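Student: I am new to this structure and would like to go through it step by step. Please show it to me, and I will start asking.

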Amino acid sequence: MTASKRPPGVSAASAFRMRVSASAISEWIEGSSDMAVIQATCPHCGIQNNAFSIAHTRPWAARQNIITSDDLMKKETKRVSASSYCISCNNPVGFVLSKTDMVSTLMNFNATIESLITKNSGIEALGYAVESVHPANVPHRIPQHLPPHVAKAFDQGEQNFKFNNPDAAIAMYAKALEAGLRWRFPGIKGMLNEMIGTLKTKGLLPPEIGDWAHQVRLVRKDAVHDGDELEADDMEAGRNFADAVLRYTITLPTDVALRRGLPAESILPDWTPPSGGE
Ligand SMILES: [Zn+2]
């Protein structure tokens with residue numbers, strides 16, 4: 001692992017710097033309060049336009065023993081991992097940054113990497129852009145074939161689930177479930193728990209789902225009003241219950257209808273096939 005062959009114009013010190021460990025860099029920046037700042041939305045708490053100070057950096061090219069001037073043209077070589085944390089929720093957040101402008105020499109490139117932890121400035125001014133944020137946004141889990149107003153409410157539940165807002169998430173899952181059942185079974189009466197009971201009695205929901213409903217605060221009459229704090233467990237149970245009922249009552253029958261060559265709306269009770277020529 002000796003840097004015996006260096007490209008012309010690259011000093012031993014520069015080649016060494018490319019291999020320097022992240023821990024060495026972190027030791028070096030201790031006590032430094034000037035760090036470049038990334039403006040981004042926190043992937044944990046969802047706060048927007050948050051300012052993330054860069055604490056540590058790691059050039060991707062540090063894996064290579066020797067960086068050539070050809071390498072400097074490659075996108076991967078011009079990537080830098082940067083670590084930070086959210087000033088609002090304290091959770092760790094990582095970024096992959098990419099140098100957007102040309103870097104002519106390794107020494108210049110190193111200087112820009114150094115500037116990420118020494119210059120009190122936005123990264124754009126230093127010629128960097130955010131390529132990705134970690135943890136990455138997890139795609140929302142929405143049952144298929146929901147009518148748009150139901151899918152929208154469920155999506156808002158997912159958004160609040162991701163940002164760990166149990167009250168808002170449960171309210172939106174309940175809204176999605178109620179709207180979904182009213183759409184699927186027009187004329188059904190009562191609050192959510194009464195609707196579930198009716199569907200169970202009529203055999204439109206399996207008894208297991210009807211029994212499960214008693215354990216889920218999404219459905220219980222006292223759900224959001226009984227004074228107890230709603231917890232992450234309640235949110236997850238509500239999510240799973242709403243997901244299961246909507247899949248059973250809408251997603252699955254719609255799938256079956258489509259496979260039989262019928263339109264999606266044929267699952268609705270007042271749907272009649274268009275009259276043919278017979
Ligand atoms: Zn946050």
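Predicted model: local features only at pLDDT ≥ 70, side-chain atom pairs only at ≥ 80, totals over all residues.

Student: What is the phi of Asn90?
Tutor: Most residues other than glycine have a negative phi. Asn90 is not a glycine, yet its phi is positive, at about 75°.

Student: Is Asn90 buried or exposed?
Tutor: We count the other C-beta atoms, placed from the backbone, within 10 Å of a residue's own: 20 or more is buried, 12 or fewer is exposed, and in between is partly exposed. Asn90 has 9 such neighbours inside 10 Å, so this residue counts as exposed.

Student: Which class does Asn164 fall into by its C-beta neighbours?
Tutor: Asn164 lies in the loop between α4 and α5. Its phi is positive too, near 55°, and Asn164 is again a residue other than glycine. With 14 C-beta neighbours inside 10 Å, Asn164 counts as partly exposed.

Student: Which two residues does the cis peptide bond join?
Tutor: Most peptide bonds are trans. Here is a cis one, with omega about 5°. Its Pro135 is placed in the loop between β6 (128–134) and α4. The bond joins His134 and Pro135.

Student: Now the overall layout: what pattern does the protein follow along its sequence?
Tutor: There are eight helices and six strands in the protein. Buried residues make up 27% of its 278 residues. Read in sequence order, the pattern is α-α-β-β-β-β-β-α-β-α-α-α-α-α.

Student: On which residue is the kink in α8 centred?
Tutor: The bend at a residue is the angle between axes fitted to the seven residues ending there and the seven starting there. In α8 there is a kink of about 45°, centred on Arg247.

Student: What covers the buried residues of α8?
Tutor: The buried residues of this helix include Met235, Phe241, Leu246 and Ile250. Their cover includes α4 (148–162), α5 (166–184) and α7 (207–213).

Student: How are α5 and α8 oriented to each other?
Tutor: Axes are lines fitted to C-alpha atoms, for helices over the stretch in contact, and angles run from 0 to 180 degrees between N-to-C directions. The angle here is about 15°, with the axes 9 Å apart. Angles under 35 degrees count as roughly parallel, over 145 as roughly antiparallel, 65 to 115 as roughly perpendicular and the rest as oblique. α5 and α8 are therefore roughly parallel.

Student: What about α4 and α5: how are they oriented?
Tutor: Residues of α4 such as Phe154 and Phe161 are among those that meet α5, where Tyr173 and Trp183 are among the partners. The two helices pack at an angle of about 160°, with their axes 8 Å apart. That makes α4 and α5 roughly antiparallel.

Student: Which residues are in contact with Leu146, leaving aside its neighbours within four places in sequence?
Tutor: Leu146 is in the loop between β6 and α4 and is buried, with 23 other C-beta atoms within 10 Å. Leu146 and Ile250 are 104 residues apart in sequence, yet 6.7 Å apart in space, C-alpha to C-alpha. Two residues are in contact if their C-beta atoms, placed from the backbone, lie within 7 Å. Setting those sequence neighbours aside, the contacts of Leu146 are Ala151, Phe154, Gly180, Leu246 and Ile250.

Definitions and conventions: Residues numbered from 1 in each chain as written. Helix = DSSP H or I, 4+ residues; strand = E, 2+ residues; numbered from the N terminus.
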